[in-house]
Amino acid sequence: MSTMAVPQPTPSEAAVRYLITNYSPKGNKVGWLMMASILVEAWDLYSIAFVLIFIKEQYNPDPLMLGLAAAGTQGGALIGALLGGWLSDKIGRRVMFLVTMVMFIVLALAQAFVPDVAWLVVIRFLLGIPLGSDISTGYTYIMESMAKGEREVMGNRWQFMFAVGEVLTIGVIVIFLLVDMNHEMLWRVTLGLGAVPALIILIMRHDVPETAVWLVQKGRYREAKQVAREMFNDNLDMLPDRDVVVPKTSTRAFLADLKKDPIRWRATLYGWIACFAQASEFSTFAFYLPVLFAMVGVSTILGNNLVTMALFSFAALSGWVGPLLTPKIGHRGIAIAGFSIVLVSLLVAAFALYTGNTMLLPFAAAGMLWGHYWDASNCMTIPTMVARPQYRGTASGFAYMFVKLPSFLAIFLFPTLFSAIGQANATLFVAIFPVIGLLAAIFILPEVYGYEND
């Protein structure tokens with residue numbers, strides 16, 4: 001009886017499989033360094049939310065320009081996610097995360113000196129490009145430098161880092177308000193300060209090496225062996241001690257490759273839907289929490305900032321707990337729980353607005369943020385983790401596009417909807433998004449915790 005010969009993996013394929021299955025002992029340190037860039041994005045994204053009132057006070061722009069000033073970074077990040085993910089597959093993870101931080105430092109400082117709102121819109125759009133690129137590159141680096149299980153917990157911590165960034169931002173603005181800083185100086189300094197954490201991250205990242213997985217994929221075996229020795233104390237003996245020419249892969253084949261594996265395809269499809277749903281729910285309701293509280297008379301501007309700071313401190317706790325629970329209840333469990341909590345919280349918020357029970361709003365907002373920081377935790381982790389290494393940057397950038405597109409549209413257009421149909425109706429409308437995410441988690445997402453790819 002004859003048997004078919006099973007094709008043996010090439011040295012490159014064997015090395016990649018070995019790396020992503022077994023490593024890394026230093027992964028936590030590297031993972032936190034990649035996650036730290038989210039502080040930069042959080043600072044930029046949420047600082048504008050709290051200083052828009054002062055920009056409007058100074059320039060009195062029309063609603064369109066004010067909306068573009070708020071949403072410009074999201075629009076730029078949409079381009080940056082796609083371009084940065086593709087470039088990280090082509091020219092390397094390390095080059096991209098260094099270049100993006102340099103760009104952000106320059107542009108963050110530039111927005112502090114804009115002469116008018118039009119220039120602010122332009123600078124903030126350009127600023128979004130390195131932000132979108134850095135997130136997709138950082139996720140790719142995490143998935144290639146940490147062992148299975150560990151990489152997923154680390155990837156799911158991005159919401160915790162967002163919350164920390166939000167709390168720091170609000171804390172600084174509260175200090176500026178308490179010292180009665182001139183309002184123009186306040187918004188300019190606040191926006192420009194984003195360059196400080198970016199500079200610190202750039203310095204800390206300077207000596208971080210390229211991922212061994214990417215080097216192997218490119219046939220740069222000598223460098224891959226060196227990196228593996230430095231990071232993992234492993235010589236990758238399955239590889240020869242010379243570089244080889246590896247056939248180039250077409251990025252256009254990314255989607256076709258996904259559909260070859262039903263688990264990979266369903267997990268990625270869920271990731272896209274979850275990215276869209278969580279970004280939409282947050283960018284509409286949570287992004288405008290300060291405005292919402294002021295409109296319903298919850299507090300003064302200073303008090304409003306303090307209440308919001310307390311809410312995001314609570315959200316940071318959720319962002320820390322969610323990843324720790326993921327190994328126990330899986331990606332499906334954390335997603336289903338998160339979207340369910342958000343849905344219930346938004347319905348309570350809508351009820352509070354319909355009935356005039358404004359004291360319920362902070363509690364509904366707290367519940368909404370707790371759930372959101374769970375349902376958003378793995379929407380970037382899953383698509384990046386299940387992608388093949390040669391498409392991992394593209395996969396991460398493609399997923400982040402589904403975060404930034406609804407974020408841009410929601411921040412830009414939601415104020416108009418808010419005015420047109422009223423606070424209560426707009427809040428009820430937002431409940432559509434957790435419903436979409438919940439259904440996708442139940443019916444589309446396979447459990448992929450600990451998933452191994454080659």
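I began with the lining of the largest cavity and sorted its residues by class, which gave 9 nonpolar, 6 polar and 3 charged. For this sorting, Ala, Val, Leu, Ile, Met, Phe, Trp, Tyr, Cys and Pro count as nonpolar, Asp, Glu, Lys and Arg as charged, and the others, Gly among them, as polar.

I noted that this is a predicted model, in which local features need pLDDT of at least 70 and side-chain atom pairs count only at pLDDT 80 or more, while totals for chains, interfaces and linings use all residues. Residues are numbered from 1 along each chain as its sequence is written, and side-chain values use heavy atoms, with hydrogens and water left out.

**Cavities**

I looked up how many cavities of 30 Å³ or more the structure holds, and found 3. A cavity here is a set of points on a 1 Å grid over the protein atoms alone where a 1.4 Å probe fits but cannot get out, and a lining residue has an atom within 4 Å of a point. The largest cavity has about 160 Å³ of space, where volume is the space filled by probe spheres set on the points, joined across faces, edges and corners. I then asked which of its 18 lining residues are the closest to its centre, and they are Leu45, Tyr46, Phe162, Gln278 and Phe282. The elements that give two or more residues to this lining are helix 3 (37-59), helix 8 (158-178), helix 14 (262-286), helix 17 (361-375) and helix 19 (392-421). Helices are DSSP runs (H or I, at least four residues), numbered from the N terminus.

**Two packed helices**

Next I turned to helix 4 (residues 63-91) and helix 6 (residues 117-145), whose axes are 5 Å apart and meet at an angle of about 35°. Axes are lines fitted to C-alpha atoms, for helices over the stretch in contact, with angles from 0 to 180 degrees between N-to-C directions. I sorted the residues of this contact by class too, and wrote down 14 nonpolar, 14 polar and 1 charged.

**Cysteines**

I searched for disulfides (a pair of cysteine sulfur atoms within 2.5 Å) and found 0 in the structure. Buried means under 20% relative accessible area, exposed over 50%, and partly exposed in between (1.4 Å probe, protein chains only).

**Residues with positive phi**

I looked for residues other than glycine with a positive phi, and asparagine 60, with a phi near 50°, is one of my entries. Asparagine 60 sits in the loop between helix 3 and helix 4, and I marked it as exposed because its relative accessible area is 58%. Aspartate 180 is not a glycine either, yet its phi is positive at about 60°. I located aspartate 180 in the loop between helix 8 and helix 9 (183-192), and it counts as exposed because its relative accessibility is 66%.

**Residues and their partners along the chain**

Is methionine 146 buried or exposed? Methionine 146 counts as buried, because its relative accessibility is 1%, although it lies in the loop between helix 6 and helix 7 (150-155). Its C-alpha atom is 8.9 Å from that of leucine 19, which is 127 residues apart from it along the chain.

Glycine 165, in helix 8, also counts as buried, because its relative accessibility is 1%. I read 4.6 Å between the C-alpha atoms of glycine 165 and leucine 39, which are 126 residues apart along the chain.

My last entry is leucine 347, which I found in helix 16 (residues 301-355). Leucine 347 counts as partly exposed, because its relative accessibility is 42%, and its C-alpha atom is separated by 9.7 Å from that of phenylalanine 429, 82 residues apart along the chain.

Notes. 1 Å grid on protein atoms, 1.4 Å probe; cavity = no way out; pocket = protein on both sides within 12 Å on 5 of 7 lines; lining within 4 Å.
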